[in-house]
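Reader: Could you walk me through reading helices and a chain-to-chain contact? I would like the general idea each time, then the case at hand.

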Amino acid sequence: MKRFIVSGIETLGAAVVDAVHAVVELWLVYVSTIAGIVRGLSRRRGGRGRPKGEILRQLYYIGNKSFIFIIVTLGFIGMVMTYQACLQLSRVTGDYSQVGQQFLRLIVSDFGPTLTGMMLATRVGAGIAAEIGSMKVTEQIDALRMSGVLPIDYLIVPRFIASIIMTLVLATIGAVVMYAAGGLTANYSWGVNPNLFFDLDLARGRHFALFAVKSIAYGAAIPVVAGFCGLRARGSSEGVGWATTAAVIGSSFAVIVLDFLISAAALFVTGGDL
Amino acid sequence: MTSDEDQPQHSLEHLQAQTLAPPPSPQDMTPIAIAGLGARTLEGLGAGAIRIAEEVGGMVVLAGQVMRALVPPRIDRRELFKNLYKMGNRSVPIVALTAFFAGGLMMLQAGPFVIKFGATALAGWGAGYAVLREIGPILIALMFSGRVGANNTAELATMTVTEQLDGLRALAIDPIRFLVVPRVLAMITMLFALTVIGDFVALAGASVVARAMLGIDWSTMYHSFADNLAPYDFLHGIYKSLAFGFAIAMSSCYFGVTVRGGAVGVGRAVNAAVVAAAVSIMLLDFFLTYTTG
């Protein structure tokens, strides 16, 4: 019994120590990324930083390549959510006049950026970790360091900038698709008048501010967490697999926690009148 | 840099050339140039469609093989229990945390109404309904896909690229029966079990947020859940989770056993598996909601 308790405490302690180490390292990657951006601003282009055109390339890989994925997933979830909401209302009041307005409020202030963030955490986070992890285990990162290039400036900074821009763009597109898909579902399945559904009366400036804040926060979190997991990859193919798994979990969880924190802060700041 | 098979290297240079070259003047856009552009776009779309068809077909074939292997149910019991433990027990913390935050989030979204109309008795209605039917199962499935599905792909892919599957075949052990079937069964069972746990944790999360941020009593929340939620709301999310578990299992095993090419290939397989799982979760969710309400 005593041994059981001791071993339990040991396991717990090891987990806590590991977690603290990971958080410190993650924080260092984040700070270095910000420092890398500042360095990139103060230095002339084409120096020892990232290769020319790297940000554009990353914009293409993060943004354009995720376009269809985001449209399909958010479109379907928009349909499901409207369907469920109408279904529930049909049992209680049968009054659908509020569905569209409330759906818009929910999309703009929460679901649009958060579900886009979850989807990008899956797709982009796994991609970044797989790529950087493969470079790590084939010692290309060490080769970069040997040639006097900072891996974070070279690899993570362009992805960071591209991810922030593209999360904002994709969240906007995703939210529009979700709204449209919801409106069509409400019309076809429940006979809600589109004019009634696409009513922008309840949309406020603060909802859009929340939308932007959330998108930027997720866009900044995903490449940092995924890049950190990739840089920690060890061993060979197994290590890359582990790194990719950790990146998906870490960045999805970062999105959920950030969403919670930002929503709670917004509720406090506006005094509940969101 | 990693070279991508499905994203050929020349497309990168092509993109760079496109972005760095001066924009074409209107005179340059001859009908032939436009036709060429259209043909390239069509070609890309067709290649994508063929790849998707190939992947879906491969998963269906794998599902058929798994079903076939189940007919006289001879399952390696040790492998099954090992996977049940690894996929289920070890995922409880992450699933519980996700569910807790998901429940809290839904309560935060319902918060403004509750404050505006003072309708504390209805607080549990919106939050509980959204959590049990949609947000809970979907978020838990996505986290499960990230933790267990991706991990499983990485493991199977590593075994494939190190030729351990061929080794099993050489010993006359069917890798589908020995490796894939226990994993599929374990994933379906465990996602189901984790969703049941997660639903209750999510309701607890909603109550905690309601108490801490909106000042609603525990008992008010409890009655609000009990009065407004029907057992079917709970069941609806639960049987969806069975379908999600099947989809995650199929995509993760398929990409695990069909991987090619070393460490780079393993990373790409994991990436493809989680993307396929996310898309199939959303599609299944839609069709199940539509057909069964």
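Predicted model: local features only at pLDDT ≥ 70, side-chain atom pairs only at ≥ 80, totals over all residues.

Reader: What span should helix α6 of chain A have?

Author: Helices are DSSP runs (H or I, at least four residues), numbered from the N terminus. The expected span is 1.5 Å times one less than the number of residues. The 40 residues of α6(A), 151-190, should therefore span 58 Å, and the 54 Å between its end C-alpha atoms agrees.

Reader: Where does α6(A) kink?

Author: A bend is the angle between axes fitted to the seven residues ending at a residue and the seven starting there. In α6(A), a kink of about 30° lies at Val157(A), shortly before Pro158(A). After the helix comes Gly191(A), with a positive phi near 65°.

Reader: How do α9(A) and α5(B) pack?

Author: Axes are lines fitted to C-alpha atoms, for helices over the stretch in contact, with angles from 0 to 180 degrees between N-to-C directions. Helix α9 of chain A (residues 237-269) packs on α5(B) at about 170°, with the axes 9 Å apart. That makes the two helices, α9(A) and α5(B), roughly antiparallel (angles over 145 degrees).

Terms used: Residues numbered from 1 in each chain as written. Chains lettered and ligands numbered in written order. Parallel < 35°, antiparallel > 145°, perpendicular 65-115°, else oblique.
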